[in-house]
Amino acid sequence: MKLRAVVTTVAILSISFAVMGEENTTESNTGRGQGQHQRRGGNGNGENSENRGERLREALDLSDEQFEQLQALKTEHREEMQGNREAIQALRAEVKTELKKDSPSSSETDRLAEEIGDLHTEMTKSLVAHLLEIKEILTPEQFEKMGELHQGRRDGQNGRQGRNQ
């Protein structure tokens, strides 16, 4: 039962990114074998955030008001997360620099790791708050459908079926 709750939570946490055009924007994806297009909100197949937004609008039968609210939330959330992603990148660079030293300081790498962890926690809390805001805008049926659409994308993403099953 606990495993199911964890799996559900993880699935919900990732809904926002993929469905609302935020896919490949978490700090763990930035710069790791991703093309420039993907890091800017594309999916690697020439589809950008705007196209996904329109597809989502149709698939969920969003009203104009819902669509505008979701777009505003997405923009706000993206900007908030970008600052954290940049901070994490800078901290990771500091870790690499420290590790290249002849005598790296474990207390310094521990401090940097803790800062990175704090930023991850902050990002997760922000994502949960973002999803709760999305849930307030959508009907329960629309929110459920959004989760299904996201899961379908993740299952077929880059030929990696079965990854999240």
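A residue is called buried under 20% relative accessible area, exposed over 50%, and partly exposed in between (1.4 Å probe, protein chains only). The model is predicted: local features need pLDDT of at least 70, side-chain atom pairs count only at pLDDT 80 or more, and totals for chains, interfaces and linings use all residues. Residues are numbered from 1 along each chain as its sequence is written, and side-chain values use heavy atoms, with hydrogens and water left out. Helices (H or I, at least four residues) and strands (E, at least two) are DSSP runs, numbered from the N terminus.

**Serine 126**
- Serine 126 belongs to helix H5 (residues 106-137) and is buried, because its relative accessible area is 9%.
- Its side chain makes a polar contact with the side chain of glutamate 80 at 2.7 Å; such a contact is a pair of N or O atoms within 3.5 Å, where within protein one must be able to donate a hydrogen and the other to accept it, and residues adjacent in sequence count only if both atoms are side-chain atoms.
- Leaving aside residues up to four places away in sequence, serine 126 touches His77, Glu80 and Met81, contact meaning heavy atoms within 4.5 Å.

**Packing of H4 and H5**
- The axes of H4 and H5 come within 10 Å and cross at roughly 170°; axes are lines fitted to C-alpha atoms, for helices over the stretch in contact, and angles run from 0 to 180 degrees between N-to-C directions.
- H4 and H5 are therefore roughly antiparallel to each other, a term for angles over 145 degrees.

**Nonpolar cores**
- A nonpolar core is a set of buried Ala, Val, Leu, Ile, Met, Phe, Trp, Tyr and Cys residues joined through side-chain atoms within 4.5 Å.
- The largest has 13 residues, and those with the most contacts inside it include Leu60, Leu70, Ile134 and Phe143.
- H3, H4, H5 and helix H6 (140-156) each give two or more residues to this core, and H5 gives the most, with four residues.
- Another core, of eight residues, lies apart from it, with Leu91, Leu112, Ile116 and Leu119 among them.

- Leucine 149, in helix H6, is partly exposed, with a relative accessible area of 30%.
- Leucine 149 and leucine 56 are 93 residues apart in sequence and 8.7 Å apart in space, C-alpha to C-alpha.
- Aspartate 61 is found in the loop between helix H3 (49-60) and helix H4 (64-100), and counts as exposed because its relative accessibility is 65%.
- The phi of aspartate 61 is near 55°, a positive value in a residue other than glycine.

Conventions
Angles under 35 degrees count as roughly parallel, over 145 as roughly antiparallel, 65 to 115 as roughly perpendicular and the rest as oblique.
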